[in-house]
Amino acid sequence: MNQGITLYGITNCDTVRRARAWLTEQQVAVHFHDFNKRGVPEERLDHWLTTVGWEKLVNRQGSTWRKLQPQAQAVVRESFSARSLMLSQPSVIKRPVVEWDAQHVTVGFDAADWATRI
């Protein structure tokens, strides 16, 4: 069993709930970091931006993005502006973000991919 896995998200997100249930079924212990309760850790966000890129992290299909004014959406064109948006609106981050170890980060839930990681 892997140690040190951290799953980031929000508790009321359906995808996060499915991901956590799947990990529990696989008997994988994870640390859960709730953005709503603990905020977005800036140093981790910087790591994610470097590892997976801002385009993958910003959920342009989600309700938080759709509720933004068109001007606010138009400003998000690179890592710096995306970072600022994600810190101010954590729900715009595609979920879950999983840190499998120091180098490996995934965004979203993919049971087949995750099975190869545990």
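**Exercise 1.** How many helices and how many strands are there in the chain?

*Solution.* The model is a predicted one, in which local features need pLDDT of at least 70, side-chain atom pairs count only at pLDDT 80 or more, and totals for chains, interfaces and linings use all residues. Residues are numbered from 1 along each chain as its sequence is written, and side-chain values use heavy atoms, with hydrogens and water left out.

Step 1. Helices (H or I, at least four residues) and strands (E, at least two) are taken as DSSP runs, numbered from the N terminus. The chain has eight helices and four strands.

Step 2. Along the sequence, these elements follow the pattern β-α-β-α-α-α-α-α-α-β-β-α.

**Exercise 2.** State the order of the strands in the sheet and identify its edges.

*Solution.* Step 1. Two strands pair if DSSP finds at least two bridges between them. The four strands form an open sheet in the order β2-β1-β3-β4, and the pairing is mixed.

Step 1. The edge strands are β2 (31–34) and β4 (105–107), each of which pairs on one side only.

Step 2. Strand β3 (residues 97–99) is joined to β4 by three bridges, and the two run antiparallel. Within this pair, V98 stands opposite T106 in β4.

**Exercise 3.** Is A72 buried or exposed, or does A72 lie in between?

*Solution.* Step 1. A72 is found in helix α6 (residues 70–75).

Step 1. Buried means under 20% relative accessible area, exposed over 50%, and partly exposed in between (1.4 Å probe, protein chains only). With a relative accessible area of 31%, A72 is partly exposed.

Step 2. In the chain as a whole, 42% of the 118 residues count as buried.

Step 3. A72 and L85 are 13 residues apart in sequence, and their C-alpha atoms are 8.7 Å apart in space.
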